Amino acid sequence: MFNFRLLNKIILTLLAIFLITSPVLANDISFSTQEPKIGSLITVKTHSDLINGEIMINNNSFPIRSDNNQGIGIIPISYWWSPGEYTATIVDNQGRTWIKENIRIKDADFDKSYLTIDDEQEEIVRPTDPERQARRARDQEMVQAARAESHPDRLWTESFIWPLEGRLTTDFGATRYHNNELANRHNGIDIAAPTGTPVMASNTGQVTLAADLLATGKTIIIDHGWNIYSSYLHLNELFVEKGDSVTQGDKIGAVGSTGFSTGPHLHWSISYNRIFLDPRDFVDLEL
Ligand SMILES: [Zn+2]
């Protein structure tokens with residue numbers, strides 16, 4: 001006679017083995033896009049079984065952080081990466097691979113900007129004077145230190161906001177030529193506005209730098225936690241100090257033309273894990 005009880009037991013055992021061994025929840029891992037442009041970001045959302053881990057892509061690793069009983073990861077697509085096919089691999093903190101996702105990175109159509117700079121400005125950008133060189137080195141150390149240790153929690157709840165209204169003059173990613181020499185990519189957005197126009201904090205966070213620097217003039221850097229920093233350059237006035245807590249929309253400074261600047265404007269940038277991304281992606285960010 002057929003043993004239904006035994007069959008039942010076998011089926012249940014097989015089901016249990018299947019449930020334990022298969023990554024049944026891999027489908028619950030979502031990527032905001034699989035075709036990002038260079039200079040943009042991908043957000044990755046996971047589930048309660050995967051709230052701590054890593055995303056590996058292009059020999060880089062970015063954390064998945066626990067947030068409201070789910071995992072959140074941000075993949076910053078640097079504008080120095082080459083467009084092409086990549087694989088994003090998600091591994092939990094026990095080393096188990098959960099998913100391998102194909103990512104097609106697309107090129108971006110960045111502007112090109114040409115600046116003619118005279119000797120005095122050249123001296124600010126690439127100083128030869130030992131005193132200026134020393135000051136520049138000190139400035140760079142200060143900026144590095146300001147982005148060195150981010151708050152482990154995110155300090156904001158709302159999407160980021162533009163720090164002021166004005167005319168966009170140089171866009172993010174613009175390829176910069178100084179006297180026809182490739183100088184850099186523009187790591188932020190330049191917004192022209194009259195001197196003294198209030199500049200608001202893009203989001204809630206803590207001021208990690210408020211200082212007058214040689215190249216970027218009066219400069220503010222805000223830590224928003226999770227290794228996200230916003231920066232505000234060439235200000236005329238600083239209304240905050242290092243260590244201050246700021247709330248989104250707080251007036252932190254006023255537009256100016258200090259440092260290497262050709263007219264009153266704000267240079268606004270946002271970085272994640274020291275990779276500069278289009279600030280618009282943070283304005284659109286919904287987490
Ligand atoms: Zn700029």
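**View 1. The loop that holds E158.** In this predicted model, E158 lies in the loop that runs between α3 (130-146) and β9 (167-170), where helices (H or I, at least four residues) and strands (E, at least two) are DSSP runs numbered from the N terminus. Leaving out residues up to four places away in sequence, E158 touches N203 and Q248, a contact being two residues whose C-beta atoms, placed from the backbone, lie within 7 Å. Between E158 and A254 there are 23 Å in space, C-alpha to C-alpha, and a separation of 96 residues in sequence. Residues are numbered from 1 along each chain as its sequence is written. As the model is predicted, local features need pLDDT of at least 70 and side-chain atom pairs count only at pLDDT 80 or more, whereas totals for chains, interfaces and linings use all residues.

**View 2. The open sheet that contains β19.** Three strands form an open sheet in the order β13-β19-β17, with antiparallel pairing; two strands are taken to pair if DSSP finds at least two bridges between them. β13 (198-200) and β17 (237-238) are the edge strands, each pairing on one side only. β13 is joined to β19 (residues 251-254) by 3 bridges, and the two strands run antiparallel. Within this pairing, P198 has A254 of β19 as its bridge partner.

View 3. Strand β6 (residues 84-92) and strand β7 (residues 97-105) run antiparallel and are joined by 8 bridges.

**View 4. The largest nonpolar core and Y232.** The largest nonpolar core has 51 residues, of which I55, I75, I220 and Y232 touch the most other members; such a core is a set of buried Ala, Val, Leu, Ile, Met, Phe, Trp, Tyr and Cys residues joined through C-beta atoms within 7 Å. Strand β16 (residues 228-235) contributes the largest share of this core, 5 residues. The core lies between domain 1 (4-105) and domain 2 (112-283), because both give residues to it. Apart from neighbours within four places in sequence, Y232 is in contact with P163, V199, T219, I220, I252, G253, L266 and W268.

**View 5. The contact between the two domains.** The chain is divided into domain 1 (4-105) and domain 2 (112-283), with bounds that come from an automatic or database domain assignment. The centres of domain 1 and domain 2, taken over C-alpha atoms, are separated by 34 Å. To the contact, domain 1 gives 9 residues and domain 2 gives 10 residues. On the side of domain 1 that touches domain 2, β4 (60-67) and β5 (70-76) each supply at least two residues. The residues of that side divide into 5 nonpolar, 3 polar and 1 charged, where Ala, Val, Leu, Ile, Met, Phe, Trp, Tyr, Cys and Pro count as nonpolar, Asp, Glu, Lys and Arg as charged, and the others, Gly among them, as polar.

Notes. A residue is buried if 20 or more other C-beta atoms lie within 10 Å of its own, exposed if 12 or fewer, and partly exposed in between; C-beta atoms are placed from the backbone.
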